[in-house]
Amino acid sequence: MQLLIKSAKIVDPNSPHNGKVQDILIENGTITDIKAKIAPGGIKKVMEAKDLHLSPGWFDMQANFCDPGFEYKEDLDSGIKAAAAGGFTGVAVVPSTNPPLHSKTQIEYIINKTKGQLVDVHPIGAISHRLEGKDIAEMYDMKLSGALAFTDDIHPVMSAGLLHRALLYSKGFGGLIVSRCNDTSLSTGLCVNEGKVSVQMGLKGEPSIAEEIMVTRELFLAEYAEARLHISSISTEGSVNLIRSAKKKGLAITTSVNAYNLAFEDSELLSWDTNFKVSPPLRGKNDIKALKKALSEGTIDVICSDHRPEDEENKKLEFDLATPGMLGIQTMYSLINMHSELSQADIIQKIAINPRKILGLEIPTIEKGAKANITLFSPTTEWTLEKKNIRSQSYNTPLINKKLKGKPLGIINHDTYSANS
């Protein structure tokens, strides 16, 4: 493949060209030239766009592609198409499948089925067998087979002893534990933030302390085990304060937030639209303000899509019966661009650089001689998400027919260029 990209602003903190508007020539999967002007000559493919930006390929650290077992919601092929449309060249998929990704067999299934695809798909293995929180899964075998990290995803590990053993065990072979903090003895499972909105809806709300108590526990366990820990999907001001203090103490803690927790307040639920029913639940203004501040100061390291396809049978129900989850990978950048208050450089740090750094992956860079692992995007382009353009097999998003600002224009990976219409 030969592609010339014209007049693109490079957003890459590791590149000598960072912040410059340049032409970039890509040949056979490698960046062969970067200059202010490159003549097209006989080059057939030329990419030009208004307000064109270019960065290392984006990486989503938390997405559910539902395969194996729930392919009627999403499969690996449709998940890859949705990721590419969202501007992602890499994705880490969570183990909430059927069977779960709890042994090397399932890890190898993901790796073998996605080998050579446009988007790199990396499996995250389960901490416990069948995600049941009772017995530690075959983590070492999964690591050898290619698992990047270990999590029980939306099934919190309620046993402190089991999580402590997992931290110690994984430390021995350089593994990373990812914890989703939600004390299920306190949370209701209704996915409505406890407060004014839950009262108006007549539903028992989920208190912030259900998350914060487990964050506190995880921080103590990580310190006691002297192990690395990533806390995913934080959503409250209290969690931010706890993690900020832990980082100041020097604990090896990283954390992530889901894009929808930055973009939407819990008041959206008053519409009774089950597409706004997510886990963790949408929170109030003060929580969102704290999350945004934590992103800008570096307390929160990563923004994830928490892409969770659901079929109509699980969504078109009474609110308390509907399954939580929202499509996110195709619209994540737009939500961040519109609601996070981050600069483009900081956004790229949170969605391209930091996820790979935490997971121990090679970080692509924009320089001559480097492999082309690139996302093309425009922060100012306005567009509308139409149902016909959704690449997932499910349609559980409240953003259909909504105007968005900031659009992924295409990706380049493995000597392949995929452009968005």
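Me: With which residue's side chain does the side chain of R308 make a polar contact of 2.6 Å?
Reply: In this predicted model, R308 is placed in the loop between strand 13 (302-304) and helix 10 (312-315), and its relative accessible area of 8% makes it buried. Its side chain has a polar contact of 2.8 Å with the side chain of D306. The polar contact at 2.6 Å is made with the side chain of D153.

Me: Is R308 buried or exposed?
Reply: Leaving aside neighbours within four places in sequence, R308 is in contact with Q62, N64, V94, D153, I154, G325, M326, L327 and N396. Buried means under 20% relative accessible area. The value for R308 is 8%, so this residue counts as buried.

Me: Why is the pair of Y333 and F377 edge-to-face?
Reply: The structure holds ten aromatic pairs, one of them formed by F264 and F276, which is edge-to-face at 5.2 Å centre to centre, with 80 degrees between the planes. Planes over 60 degrees apart count as edge-to-face. The ring centres of Y333 and F377 are 5.4 Å apart, and the pair is edge-to-face because the planes stand at 70 degrees.

Me: How many residues apart in sequence are the parts that the pair of Y333 and F377 ties together?
Reply: Y333 and F377 are both buried, and together with W58 and F88 they form one aromatic cluster. Y333 lies in helix 11 (residues 332-339) whereas F377 lies in strand 14 (residues 374-384), so the parts that this pair ties together are separated in sequence by 44 residues.

Me: Over the ring of which residue does the charged end of K277 sit?
Reply: A lysine placed over an aromatic ring is also found at K73, which lies over the face of F70 at 5.0 Å from the ring centre. For K277, the charged end is 5.3 Å from the centre of the ring, and that ring belongs to F319.

Me: How far apart are the end C-alpha atoms of helix 6, and what span should its residues have?
Reply: Helix 6 has buried residues that include A210, M214, V215, L219, L221 and A225, and the buried residues of this helix pack against helix 4 (160-171), strand 10 (177-180), strand 11 (229-232), helix 7 (237-248) and strand 12 (253-258). At 1.5 Å a residue, its 18 residues should span 26 Å, which agrees with the distance between its end C-alpha atoms, 26 Å.

Definitions and conventions:
Residues numbered from 1 in each chain as written. Heavy atoms only, no water. Phe/Tyr/Trp six-rings, centres within 6.5 Å; stacked < 30°, edge-to-face > 60°. Helix = DSSP H or I, 4+ residues; strand = E, 2+ residues; numbered from the N terminus. Buried < 20%, exposed > 50% of the residue type's maximum accessible area, 1.4 Å probe, protein only. Lys NZ or Arg CZ within 6 Å of the ring centre and 35° of its normal. Polar contact = N/O pair within 3.5 Å; in protein donor to acceptor, adjacent residues only side chain to side chain. Contact = heavy atoms within 4.5 Å. Expected span 1.5 Å × (residues − 1).
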